[in-house]
Amino acid sequence: MTRIPRAYAPFPLSRPRRTRRTAALRDLIAETRLGVNDLIWPIFVTDVPGADAPVASMPGVTRVTIDGAVRAAAEAAELGIPALCLFPYTDPALRTEGCEEAWNPDNLINRTIRAIKAEVPDIAVMTDIALDPYNANGHDGLVRDGVILNDETVEALVRMALAQAESGADILGPSDMMDGRIGAIRRALESAGHQDVAILSYAAKYASAFYGPFRDAVGASGRLVGDKKTYQMDPANRDEALRLVARDIDEGADMVMVKPGMPYLDICRAVKEAFGVPTFAYQVSGEYAMISGAIANGWLRDEVILESLLAFRRAGCDGILTYFAPRVARILAERA
Ligand SMILES: NCc1[nH]cc(CCC(=O)O)c1CC(=O)O
């Protein structure tokens, strides 16, 4: 906790409202700012005919084809958004118990990375490392007799990471919450000559009901058998989040993430204060659905978008993954 020194002379010598009187004065004393350069834009890609359609539980979000992803990258570059994060809606026929499609060098995500890198080379491309979009049962790991296997899954994730690095990904985002995966991926990248590929670890990822709409978007909702509580964190825990962040940094993560975002701002603040590493938060699909649903119904004004994102900056985050990224970039550009 920051200790507040005595900050004010007694009233009326001090009148804190003096520095709130005009927009210029408020700007001068603002402690945090939100810029377009703080945003990572997650998008959903598909090559399944007809699946490039709006996601019902995420008003305003549409799955795109590979060409659409390239157009999104160009749009992001135009708007000044530094990074895109890619998630696949995989052909149901390619979702298997063995998840082999996850490390196919020509899978949807790897083709998308190459297409974006060929057309919009300067945009940073982030990927997701977890098996759920390729898994017949919707889990992030391989499942045997109802148990999510750790070490076998890590081997699969390493293959997946190498294929993405080979395709030109700039940032790998392991979101699977298996133990030991950051170290294993980092060692494999080093041996394969991909020493410059960054890892943004989903280090403090909670077993959250706020991911529901995402699972619709990647087509995993109907499949998931059980829940993810044996690998994702218990929302009750904070010390454990700090231990996991420490571990992932030790294993070679360059940046760390807290997820979900808004209900977990205390974790963001704790992580930033304890480690001072690049810290990100994911304003997840459920948060997006709440905010955009309320705006669409006229229950909230769209100013809540900027307010919600500024709160992440105030909590210590260096950046935010948000489906609002292009909308926010436009709002910020209008205000500049
Ligand atoms: N492991 C996959 C993954 N990567 C990002 C999200 C959620 C993102 C969101 O809700 O916006 C999930 C879903 C999950 O863990 O079930």
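1. The protein chain holds eleven helices and ten strands. Its radius of gyration is 21 Å, close to the 20 Å that the globule rule gives for 336 residues, so the chain is as compact as a globular protein of that length. Please keep in mind that this is a predicted model.

2. Along its principal axes, the C-alpha trace spans about 70 × 40 × 40 Å. Of the 336 residues, 46% count as buried. Among contacts between residues at least 6 apart in sequence, 75% join residues at least 24 apart.

3. On the strands: E2 (residues 83-89) and E3 run parallel and are joined by three bridges. Within this pair, Leu84 stands opposite Val125 in E3. Strand E3 (residues 124-129) is mostly covered, with five of its six residues buried.

4. Which residues does UniProt list for "active site"? The unreviewed entry gives Lys205 and Lys259. They span 55 residues in sequence, yet no two of their C-alpha atoms are more than 4.8 Å apart, so they gather at one spot. The label comes from that record, and such annotations may be inferred rather than shown by experiment.

5. Lys205 belongs to strand E7 (residues 198-205). It counts as buried because 27 C-beta neighbours fall inside 10 Å, the cut-off being 20 or more. Apart from neighbours within four places in sequence, Lys205 is in contact with Ser175, Met177, Gln232, Met233 and Lys259.

6. Lys259 is part of strand E8 (residues 255-259). Is this residue buried or exposed? Lys259 is buried, because it has 23 C-beta neighbours inside 10 Å. Leaving aside neighbours within four places in sequence, its contacts are Tyr202, Lys205, Tyr206, Ala281, Tyr282 and Val284.

7. Some backbone geometry deserves a look, because most residues other than glycine have a negative phi, and most peptide bonds are trans. The bond from Lys259 to Pro260 is cis, with omega near -5°, and Pro260 sits in the loop between E8 and helix H8 (265-275). A cis bond also links Phe11 to Pro12, with omega near 10°; Pro12 is in the segment before helix H1 (23-29).

8. Cys99 has phi near 60° and lies in the loop between E2 and helix H3 (108-119). It is buried, because 28 C-beta neighbours are inside 10 Å. Met177 has phi of about 65° and is found in the loop between strand E6 (171-174) and helix H5 (181-191).

9. Last, Ala74 in helix H2 (residues 66-79). It counts as partly exposed because it has 14 C-beta neighbours inside 10 Å. Beyond its neighbours within four places in sequence, Ala74 is in contact with Glu119 and Val120. Ala74 and Val256 are 182 residues apart along the chain, and their C-alpha atoms are separated by 26 Å.

Note on methods: Residues numbered from 1 in each chain as written. Predicted model: local features only at pLDDT ≥ 70, side-chain atom pairs only at ≥ 80, totals over all residues. Helix = DSSP H or I, 4+ residues; strand = E, 2+ residues; numbered from the N terminus. Buried ≥ 20, exposed ≤ 12 C-beta atoms within 10 Å, placed from the backbone. Contact = placed C-beta atoms within 7 Å. Rg over C-alpha atoms; globule rule 2.2 N^0.38 Å. Pairing = 2+ DSSP bridges.
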